[in-house]
Amino acid sequence: MSSTESVVESGSGKQPCIGPEPLGGKSSLLPGKAAAALSANGVRDIEDRILRITGYYGYNPGYSSHRREDGLESHAETPGSETGVENPSYRTCTSTVLKVLGGLLMVLCISSSWVGTAQVVKLTFRSFSCPFFISWFSSNWNILFFPLYYSGHVVTTREKQTPIQKFRECSKLFGEERMSLKLFVKRTAPFSILWTLTNYLYLMALKKLTATDASALYCCHKAFVFLLSWIVLKDRFMGVRIVAAIMAITGIVMMAYADGFHGDSFVGVALAVGSASTSALYKVLFKMFLGSANLGEVAHFLSTMGFFNLVFISCVPLILYFTKVEQWGSLSSLPWGYMCGLAGLWLVFNILVHVGVVLTYPILISIGTLLSVPGNAAVDVLKHAVIFSAVRLAATCIICMGFLLLLLPEEWDSITVRFLATMADKKSEEHGEELTESSVHTRSRSRANGTVSLPLA
């Protein structure tokens, strides 16, 4: 049995009342109302035919203006549904934008700290030319890494742990075994020695080369990491990274050839390449033996290396002093301001590199290291009036291009193919929409001129 809506007159006005239809409903329906209903259905059929013939975008059969109006009314009654759908995408977009902006700020800070480190080293060498002592002194500051991490952990999290508890929790990087002196030396000594060699060779290279050349050659460590990972860790072979490694080697040879294969320039290039090699070996061995680590474990590890440097490597500066290889005179005559500034900048650089990988995209951290090359070049030209030869500029550009190629992801080829396919699909869709719009305009003009007749049945 069907139901109809009737209007009941009352003293207060008209109110809708829904009830069952009486048995005599058919006879009570006036002929005028029946004609109106039939005409309404006819209008709907005509409109549906028009939409189908003109190719209205998004048309579905039977979806006439009457039903669209009903849909609009029902949609207006529930405005919260659209908001609920848009909120997750809006939040994702906002977090992505904030992450990118934070990454760009991190890039600026990393490049500035690395440029500042090289320039302060140059200033320190004017009055104190003892690279190993400077390296040892700066490495001792790594002890502060874990206290700084714990302070940030206490401020940013509600979980409260004592420093000893947090230190033991982060020491799981060394394994499940109980920490002993033998385990401490076994796990820390190789990495601490490689860390010290990397810094010492880089400082020695800065004595022979400009800061621009030394920083550009140090960027070759990315290519050495790939080669060692491919050989030792059996990482995936990528032709584009082989090309990048060849470009890095080409830049090294050109840099050495710039002033001839003799003198301080050649020795400086060899020292910078040695620093990049030991840095690459450090990273590959870390991945091989210790695997991936979170920020707390890295802070624990660097602080442990700083402690090892302070306890076990302190004898090396003394040996160099008594053998008159490095003589620094009295402690009061040392440039403590430059040395503390250098150690602080080096610590800030290491903190930003490891924290930035967690907070933002790792590729931005690598770009921050690369931007130190033009940063040092600007300082060398403006402050030290350095004139770069064409060969050195070409070598620097080739090394930087190889560094950028090494930043390509492993699936860069499939990503590129998908991107090109998506762009082709968008162009074809836009072309199809243009054709549809042109056909709609043509048919509308034809209907206005009376050249198209629409069948009513």
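Me: Buried means under 20% relative accessible area. On that basis, which residues of H18 are buried?

Reply: This is a predicted model. In it, the buried residues of H18 are Arg392, Ala395, Thr396, Ile399, Cys400, Gly402, Phe403 and Leu406. They span an arc of only 160 degrees around the axis, so they sit on the same side of H18.

Me: What covers the buried residues of H18?

Reply: Several helices do. The cover includes H9 (211-218), H10 (221-231), H11 (239-257) and H12 (263-290). H16 (362-370) and H17 (372-382) are also among the covering helices.

Me: And how many residues has H18, and how far does it reach from first C-alpha to last?

Reply: H18 runs over residues 390-406, which is 17 residues. It reaches 25 Å from its first C-alpha to its last.

Me: Switching to charges. How many salt bridges does the structure hold?

Reply: Three. Side chains of opposite charge can pair when their charged atoms come close.

Me: Start with Arg392. What does Arg392 form a salt bridge with?

Reply: Asp213, with the closest N and O atoms 2.7 Å apart. Arg392 is in helix H18 and Asp213 in helix H9, so the pair ties together parts 179 residues apart in sequence.

Me: What about Lys287? Which side chain does it meet in a salt bridge?

Reply: That of Asp235, at 3.8 Å, N to O. Lys287 lies in helix H12 and Asp235 in the loop between H10 and H11, so this pair ties together parts 52 residues apart in sequence. Lys287 counts as partly exposed at 49% relative accessibility. Asp235 is also partly exposed, at 28%.

Me: And Glu169, what is its salt bridge partner?

Reply: Lys166. The closest N and O atoms are 3.7 Å apart. Both residues are in helix H7 (residues 163-170), three residues apart, so about one helical turn separates them. Glu169 is partly exposed, with a relative accessible area of 34%. Lys166 is buried, at 5% relative accessibility.

Me: Let's go to the nonpolar surface. Which residues form a nonpolar patch there?

Reply: Val97, Leu98, Val100, Leu101, Leu104, Tyr361 and Ile363. Together they have about 600 Å² of accessible area.

Me: Where does the largest share of the nonpolar patch come from?

Reply: Helix H4 (residues 80-125), which supplies five residues. Val97 is found in that helix. Val97 counts as partly exposed at 41% relative accessibility.

Me: Stay in H4 for a moment. Is Ser113 buried or exposed?

Reply: Ser113 is found in helix H4, and it is buried, with a relative accessible area of 4%.

Me: What does Ser113 touch, not counting residues up to four places away in sequence?

Reply: Leu345, Val348, Phe349 and Leu352.

Me: Next, Leu347. Which helix is Leu347 found in?

Reply: Helix H15, residues 336-359. Leu347 is buried, at 8% relative accessible area.

Me: Leaving aside neighbours within four places in sequence, what is Leu347 in contact with?

Reply: Trp141, Asn142, Leu144, Phe145 and Leu148. For Ile143, there is a C-alpha separation from Leu347 of 9.8 Å. Those two residues are 204 residues apart along the chain.

Me: Backbone check. What phi does Lys324 have?

Reply: Positive, about 60 degrees, although Lys324 is not a glycine. Lys324 lies in the loop between helix H14 (315-322) and H15. It counts as exposed, at 63% relative accessibility.

Me: And Ala385, what is its phi near?

Reply: Near 55 degrees, a positive value in a residue other than glycine. Ala385 sits in the loop between H17 and H18.

Me: Is Ala385 buried or exposed?

Reply: Exposed, at 59% relative accessibility. The cut-off for exposed is over 50%.

Key: Residues are numbered from 1 along each chain as its sequence is written. This is a predicted model: local features need pLDDT of at least 70, side-chain atom pairs count only at pLDDT 80 or more; totals for chains, interfaces and linings use all residues. Side-chain values use heavy atoms; hydrogens and water are left out. Helices (H or I, at least four residues) and strands (E, at least two) are DSSP runs, numbered from the N terminus. Buried means under 20% relative accessible area, exposed over 50%, partly exposed in between (1.4 Å probe, protein chains only). Contact means heavy atoms within 4.5 Å. The expected span of a helix is 1.5 Å times one less than its number of residues. The arc is that of the directions from the helix axis to the C-beta atoms. Patches are made of residues with over 30% relative accessible area and no salt bridge: like charges are joined within 9 Å, nonpolar side chains (Val, Leu, Ile, Met, Phe, Trp, Tyr) within 5 Å. Accessible areas come from the Shrake-Rupley method with a 1.4 Å probe; for residues, only the protein chains shown count as cover. A salt bridge is a side-chain nitrogen of Lys or Arg within 4 Å of a carboxyl oxygen of Asp or Glu.
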